[in-house]
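Here is a short report on ring pairs and salt bridges. Look at the model first, then read on.

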Amino acid sequence: MMNRLRALVFVTLGFLLMSLCPASVFAADGAESVPYKQYRVIILDKADLLTAEEEKQLAEEMKDLAFYGNMIFVTVKLKNSQYEKFAEDTYYKLCGNEPGALFQIDMGNRKLTLSTSTGLDERLRSERDTIVDNIYTLATRKQYYACASECFREIRAVLHNQNIAHDMRYITNGILALILALLLNFIAVFLTTRKKVSKEELFGKMSSIGEVSILDIAEGNRTKTYSPRSKGSSGGGGRSGGGGGGFSGGSSSHGF
C-alpha cells in the first residue's frame with residue numbers, strides 16, 4: 001500500500017514540475033505564441049584573434065540571437081580579394097539558405113564583412129552598412145573581441161526594433177548642403193538684382209529650392225543601393241548584395 005502511495009506521489013510531483021517548466025515558444029510583442037526553431041551559434045577563429053575565454057564569452061552573447069537565425073563569427077587571412085564571396089560561401093556551406101548572419105574579420109585584406117541570409121537579410125540589409133561603419137574602429141585598434149561583440153549587439157538592437165548610432169558625417173553633409181544652397185541663392189539674387197540683398201529677401205528665396213530639413217538631407221546621403229546578385233554569380237568587394245554558390249542574401253564590408 002505504501003509503495004503504491006509513494007508511486008502516486010512521485011507521478012503527481014512529476015506532472016507538477018512539467019507544468020512549471022516554460023514552454024518552448026517565442027512570442028513577438030502582441031503576437032500569438034508560436035514554436036521557434038533553435039538555430040546554431042558557430043565561431044571559427046582561423047586567424048586566432050580571440051582567446052579561449054573570449055570565444056566562450058562571445059558565444060554566450062550570441063546565443064539568444066539564434067532564435068532568429070544562425071549566428072556565425074569567422075576570422076581568416078585570405079590571400080585573394082574575394083572576402084565577401086568567401087563570407088557568403090562559408091555561410092552557405094555551413095547553413096545553406098537558412099536565415100542568419102555571418103560576421104567575418106579578414107586579416108589578409110583588412111576587411112570586415114557582415115553577410116545576411118534570406119529572412120534576416122530582409123530585416124538587416126538596411127542597417128548592414130551602418131553596423132560595419134560603427135565597428136571598424138575597434139578592429140583598427142586591434143580590439144577584435146569588442147568588435148565582434150558590438151557587431152552582434154547592434155544586430156540584436158535592429159532585430160528588436162531599437163535604434164543604432166549613425167555616422168555623424170551624414171548630419172554634417174546635410175549642414176554643408178544647406179550652407180551651399182544658401183550661398184548659391186545669395187549669388188543668384190545678387191547677380192539678378194545688382195543691389196544689396198536684404199536678409200528677408202535672401203531667406204525668402206530659399207523657398208525656391210524647396211523646403212528641406214537637415215535631417216532630410218542627411219537621410220538622403222545615407223541611402224545605400226542594394227543590388228542582389230543572382231544565384232551562381234560571383235561575389236566581390238564593395239557593399240552590394242547576393243553571393244556565389246547558391247547564397248541567398250547580401251553583404252556589407254568596411255576596411256580597418
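Does Phe247 count as buried or exposed? The model is predicted. In it, Phe247 has 3% relative accessibility, so this residue counts as buried. Tyr91 is buried too, at 1% relative accessibility.

**Aromatic pairs**

A pair of aromatic rings is described by the distance of the centres and the angle of the planes. The structure holds three such pairs. In one of them, the centres of Tyr91 and Phe247 are 5.9 Å apart and the planes stand at 80°, so the pair is edge-to-face. This pair links distant parts of the chain: Tyr91 sits in helix H3, while Phe247 sits in the loop between helix H8 and strand E7, 156 residues apart.

Phe103 and Phe152 also pair edge-to-face, with 6.5 Å between centres and 85° between planes. Phe103 belongs to strand E5 and Phe152 to helix H5, so the pair ties together parts 49 residues apart in sequence. Both residues, Phe103 and Phe152, are buried.

**Salt bridges**

Side chains of opposite charge can pair when their charged atoms come close. The whole structure has six salt bridges, including these:

| Salt bridge | N to O distance |
|---|---|
| Asp64 and Arg156 | 2.9 Å |
| Lys85 and Asp89 | 2.6 Å |
| Arg125 and Asp121 | 3.3 Å |

Asp64 lies in the loop between helix H2 and strand E4, and Arg156 in helix H5, so their bridge ties together parts 92 residues apart in sequence. Lys85 and Asp89 both lie in helix H3, four residues apart. Arg125 and Asp121 share helix H4, also four residues apart. Shared partners join Asp121, Arg125 and Arg128 into one salt-bridge network.

How values were computed
Residues are numbered from 1 along each chain as its sequence is written. This is a predicted model: local features need pLDDT of at least 70, side-chain atom pairs count only at pLDDT 80 or more; totals for chains, interfaces and linings use all residues. Side-chain values use heavy atoms; hydrogens and water are left out. Rings of Phe, Tyr and Trp (its six-membered ring) pair if their centres lie within 6.5 Å; planes under 30 degrees apart count as stacked, over 60 as edge-to-face and the rest as tilted. Helices (H or I, at least four residues) and strands (E, at least two) are DSSP runs, numbered from the N terminus. Buried means under 20% relative accessible area, exposed over 50%, partly exposed in between (1.4 Å probe, protein chains only). A salt bridge is a side-chain nitrogen of Lys or Arg within 4 Å of a carboxyl oxygen of Asp or Glu.
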